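Subject: Structure for you, with notes

Hello,

My notes follow below it.

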Amino acid sequence: MRRSLLLGSVAGLAVLAGTREARAGMFIGGELDGGSLLTAPANLGTGQGFVGLAGYRVGLGPVFVQPEAQGSYMVFPGAAESAHATRIVAGGRVGLSVLVVQPAVFGHAGIGWVGEGLDGRAFDVGLAVGFKLIPYLR
């Protein structure tokens, strides 16, 4: 018990000692998206689309916090008619920023539209994986 507490304390101090000052700045990005509707019309199946986002990334050592706004468009090809969904949401994400692969947890809420005239609440929560291959380009 004491050994694990000691190792945990040493690891925590090493992370704190190795952190740099906080950095912040605008973040603009795009994502590929997939999802399904939770309410009617439920016969649309799953859809694919894209997301544009703008946020403000705050780097806190090895972790980043990013409040953001998103707009998205999704197509449901399995539907009898050509169906699409659009949405506007706000929320944020928290993740690791020291690696080439940057895992994050996100959550958003807002409003969405399906087809013509069907609107309602929109939300998402999940995991994301970003790639930082070139500095300042993620």
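Which residues does Met74 touch, not counting residues up to four places away in sequence? They are Asp33, Gly34, Gly35, Gly47, Gln48, Gly49, Ala83, His84 and Ala85, where contact means heavy atoms within 4.5 Å.

Before the rest, the conventions. This is a predicted model, in which local features need pLDDT of at least 70 and side-chain atom pairs count only at pLDDT 80 or more, while totals for chains, interfaces and linings use all residues. Residues are numbered from 1 along each chain as its sequence is written, and side-chain values use heavy atoms, with hydrogens and water left out.

Confidence

The average pLDDT (the predictor's confidence in each residue, from 0 to 100) of the protein chain is 78, and 73% of the residues score at least 70. Over residues 1-19 pLDDT stays under 50, and the model has 3 contacts beyond four places in sequence for that stretch. Where pLDDT is low, the predicted coordinates should not be read in detail.

Overall layout

The protein chain has 1 helix and 6 strands, in the order α-β-β-β-β-β-β along the sequence. Helices (H or I, at least four residues) and strands (E, at least two) are DSSP runs, numbered from the N terminus. Of the 138 residues, 25% count as buried; buried means under 20% relative accessible area, exposed over 50%, and partly exposed in between (1.4 Å probe, protein chains only). The accessible surface comes to about 9,400 Å², with 67% of it belonging to carbon and sulfur atoms; these areas come from the Shrake-Rupley method with a 1.4 Å probe, and for residues only the protein chains shown count as cover. Among contacts in the protein chain with a separation of 6 or more, 49% are between residues 24 or more positions apart.

Strand pairing

Two strands pair if DSSP finds at least two bridges between them. Strand 3 (residues 63-76) and strand 4 run antiparallel and are joined by 14 bridges; within this pairing, Ala69 has Ala90 of strand 4 as its bridge partner. Strand 4 is also antiparallel to strand 5 (residues 101-114), with 11 bridges, and the two form a hairpin with 4 residues between them. Gly92 stands opposite Gly107 in strand 5. Strand 5 in turn pairs with strand 6 (residues 118-131) in the antiparallel sense over 14 bridges, and His108 stands opposite Asp124 in strand 6.

Arg87

Arg87 lies in strand 4 (residues 83-96), opposite Gly112 in strand 5. Is Arg87 buried or exposed? Arg87 counts as buried because its relative accessible area is 15%. The Arg87 side chain makes polar contacts (a pair of N or O atoms within 3.5 Å; within protein, one must be able to donate a hydrogen and the other to accept it, and residues adjacent in sequence count only if both atoms are side-chain atoms) with two side chains: Ser72 at 3.0 Å and Asp124 at 3.0 Å. Leaving aside neighbours within four places in sequence, the contacts of Arg87 include Asp33, Gln70, Ile111, Trp113 and Phe123.

Met74 is in strand 3 and counts as buried because its relative accessibility is 11%. Met74 and His84 are 10 residues apart in sequence, and their C-alpha atoms are 5.5 Å apart in space.

The largest nonpolar core has 6 residues: Leu44, Met74, Phe76, Ala83, Ala85 and Val114. Strand 3 and strand 4 are the elements that give two or more residues to this core. A nonpolar core is a set of buried Ala, Val, Leu, Ile, Met, Phe, Trp, Tyr and Cys residues joined through side-chain atoms within 4.5 Å. Ala83, for its part, is in contact with Leu44, Met74, Val75 and Phe76, leaving aside neighbours within four places in sequence.

Gly30

Gly30, in strand 1 (residues 23-36), counts as exposed because its relative accessibility is 63%. The C-alpha atoms of Gly30 and Gln70 are separated by 9.2 Å, with the two residues 40 apart along the chain.

Regards
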